[in-house]
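Below is a short briefing on one protein chain. Please read it with the model open.

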Amino acid sequence: MEKEKFENLFEIAKIRFNEKKFSDAKNFLLEYINSNPTLEAINLLGIVYINLNENDEAILLFKNLISKNFIDENIYNNLGIALKKNKNYSSAIDHFNLSIKVNEKSISSYFNLGNTYAEIGQNRNSEKNFKICLKFNKNYLPAIINLSALYINTRLLDKAMKVLKNCLKDNPNNLEILENIAKIYLIRKQFSKAEFYIKKIVSIFPTANNKLIPVALGFLYQGNSGKYLSITKTYSKKLTNKSSIFKLNYNHKNRNLKIGFVTPDLRSHPIGFFLKDMLPVLSKKIEIYIFNTGVHQDQISEYSKKYVKWIDCENQNFEQLSELIYEKKLDTLIDTSGITRTNNLNVFRLKPVKKQISWAGWLATTKMKEIDYIIGDNFATPKKDDKNFTEKVYRMENIWCTYSRSLLENKVIRKRAIHSKEITFGCFQRPEKINQNVIRTWSHILLRKKNSIIIFINKSFDSYEKKRIINSFKKYNVNLSKIFFKIPLNRLEYISFFNLIDINLDTFPYNGGTTSFESTFMNVPTLTLKNNSCMFRCGESINQNLNMKDWIAKNEDEYIQKALLFCNKKFISDIKNKLNEMNSNSLLFDSKQFSFEFVKMLEKIN
């Protein structure tokens, strides 16, 4: 009877293990092993320790078995896994090799070797071991997926696609295969092909709805507004199907307005750059809640906490967060993320607050009827753009947002002239915004202005993106001696690089926002282009508010003509001096005045 009891303990432990209830499995195994220390049970306990990230205990257990001459490929292999998780890579590799010495066809050990080498950047050794796995079993899916991921990470995209397409025939609905194929098309900027695979993923795995976001972004970068709106509509429809259960019958009479921001980005991020100088002013007029859904906080976050009620919500699901927001009886809830990977739109779908707004962080429609307003201005979102928005556009008097002057003032040196013979164009945008139309237009400028160069300045330029951009310029016969890249080490260096630039070239149709504010502060004029994208016309709004209408081109031909016309060192020096004079009282950096308007806006819509 006693023996049967212990056997049951082991069976229950295995059931709990298969259910991934590792803490329960551990407790049952410890009780079982206490009276019946079988090799099978001890080995399983070691694996449980690994799954619980109790790697030191796993290492001790497996080493103890080996010291007692239990020589088994699985024990060596499992010890290797625990060592790898503890980042003891050299010893992990040794033990995977010992496992292979016991069994030269140990696919699992070769696979773990491949993963270990990939983690420490030894890509050739990683590839070699994944290929050995496939030599023994050509259909070993983990090796196929990880080999393709290795090729994707090293931008050997043709090799990755070949591996995946061969495997897709037998695994047409495998999430990781479909996802890796979609990732290749996203990297190649072939967004329609990526859309096909991601829509297939979402149809099979509805919880993977967020995977539509990079496709939506891709179509925006290319200026394909129709496709963006279509994808966004699909995405919004597939958010939670739960309806709001909240009764919103309270009002703000006889008290200050109460507003909340749902954001992961009140830190060194555009949202932090916009809000930092606003919060001291806003907090005197209204009660502010920050529902922080991000994991990263910094000096801007800590500064902001002095003026708001800060609530960390990163571990709450959207229903819990919605309940929490509802309990605060807010008048207005503001989304700062829109259609981005870290968004909280499920919360807004449940409508825990009567008035909901999209502002600052996302400048296109969310296609959500639950969001009442999007905040724009007369230049960024003229009335003819209303058709682009499901939300009602509320137009601020001057500009849709401001940049916090305190983040740059007295912290950077601004040069008003550049003492070089060359005209230096600059681009501070992420590489995704630099589409073929942009490169073609900039190529015409560089070809016609002989004594000119362009510098791309952004930490996001990896070797693949550099090569893509260089090859695109080569296609238009631009001499590569005109193309430069700078990868800033930190934010201060990034800002200081504006001093190298004569003219900042804005991307289109996806304009720069934060970069154009920063360019202006650093006395560098930005040449922008009017467009009919469903995104805000940020560049146009910024230049209109600077009274620099001449720096807004009507079309690509005029963009080229204006760039060439402005290529005069004396003229650029005068513009830099003009910007330096204007910056002291520019609306772009007047967070106090903007905050007053922001409060008026809130009072009006409530």
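**Briefing: a buried loop residue and its surroundings**

Asn 388 has a relative accessible area of 11%, so Asn 388 counts as buried. This residue sits in the loop between strand E6 (373-377) and strand E7 (392-396). The model is a predicted one. The points below go from the whole chain to single residues, the sheet and the cavity.

**Chain overview**

- The chain contains 27 helices and 13 strands.
- Of its 606 residues, 55% count as buried.
- The C-alpha trace spans about 90 × 65 × 45 Å along its principal axes.
- Take the contacts in the chain with a separation of 6 or more: residues 24 or more positions apart account for 66% of them.

**Asn 388 and Leu 220**

- Which residues does Asn 388 contact, leaving aside its neighbours within four places in sequence? They are Leu 229, Thr 365, Ser 533 and Cys 534.
- Leu 220 belongs to helix H13 (residues 213-222).
- Leu 220 counts as buried because its relative accessibility is 1%, and the cut-off for buried is under 20%.
- Beyond its neighbours within four places in sequence, Leu 220 is in contact with Tyr 228, Trp 362, Ala 364, Pro 509, Tyr 510, Ser 533, Cys 534 and Met 535.
- Ser 533 and Cys 534 are among the contacts of Asn 388, and Ser 533 and Cys 534 are also among those of Leu 220.
- Leu 220 and Ile 177 are 43 residues apart along the chain, and their C-alpha atoms are separated by 26 Å.

**Backbone geometry**

- Pro 509, one of the contacts of Leu 220, is joined to Phe 508 by a cis peptide bond. Its omega is about 0°.
- Pro 509 lies in the loop between E11 and helix H23 (514-521).
- Ala 360 has a positive phi, near 80°, and is a residue other than glycine.
- The loop between strand E5 (355-358) and E6 holds Ala 360. Is Ala 360 buried or exposed? Ala 360 is buried, because its relative accessible area is 7%.
- Asn 547 also has a positive phi in a residue other than glycine, with a value near 60°.
- Asn 547 is placed in the loop between helix H24 (538-545) and E13. At 55% relative accessibility, Asn 547 counts as exposed, because the cut-off for exposed is over 50%.

**The parallel sheet**

- Six strands form an open sheet with parallel pairing, in the order E10-E9-E8-E11-E12-E13. Its edge strands are strand E10 (483-486) and strand E13 (552-553), and each pairs on one side only.
- Why is strand E8 (residues 423-427) described as largely enclosed by the rest of the structure? Five of its five residues are buried, so the rest of the structure largely encloses E8.
- Both faces of E8 are covered. On one side, Ile 423, Phe 425 and Cys 427 are buried. On the other, Thr 424 and Gly 426 are buried.
- E8 runs parallel to strand E9 (residues 452-457), and five bridges join the two. The chain passes from E8 through helix H20 (residues 436-448) to E9, and this β-α-β crossover is right-handed.
- Gly 426 has Ile 455 as its bridge partner in E9.
- E8 also runs parallel to strand E11 (residues 503-505), with two bridges joining them. Phe 425 has Ile 503 as its bridge partner in E11.
- Strand E12 (residues 526-529) runs parallel to E13, and two bridges join them. There, Leu 529 has Ala 553 as its bridge partner.
- Pairing in a sheet works through backbone hydrogen bonds between strands, either parallel or antiparallel.

**The cavity**

- How many cavities of 30 Å³ or more does the structure hold? It holds one.
- The largest cavity has a volume of about 40 Å³.
- Its lining consists of Asn 398, Ile 399, Thr 402, Leu 587, Asp 590, Gln 593, Phe 594 and Glu 597.
- By class, three lining residues are nonpolar, three are polar and two are charged.
- Empty space of this kind shows up when a probe the size of a water molecule is rolled over the atoms.

Note on methods: Residues are numbered from 1 along each chain as its sequence is written. This is a predicted model: local features need pLDDT of at least 70, side-chain atom pairs count only at pLDDT 80 or more; totals for chains, interfaces and linings use all residues. Side-chain values use heavy atoms; hydrogens and water are left out. On a 1 Å grid over the protein atoms alone, a cavity is a set of points where a 1.4 Å probe fits but cannot get out, and a pocket is an open set with protein on both sides within 12 Å along at least five of seven lines; lining residues have an atom within 4 Å of a point. Grid points are joined across faces, edges and corners, and a volume is the space filled by probe spheres set on the points. Ala, Val, Leu, Ile, Met, Phe, Trp, Tyr, Cys and Pro count as nonpolar, Asp, Glu, Lys and Arg as charged, and the others, Gly among them, as polar. Helices (H or I, at least four residues) and strands (E, at least two) are DSSP runs, numbered from the N terminus. Buried means under 20% relative accessible area, exposed over 50%, partly exposed in between (1.4 Å probe, protein chains only). Contact means heavy atoms within 4.5 Å. Two strands pair if DSSP finds at least two bridges between them. A crossover is right-handed if, with the strands pointing away from the viewer, the path from the first strand over the helix to the second runs clockwise.
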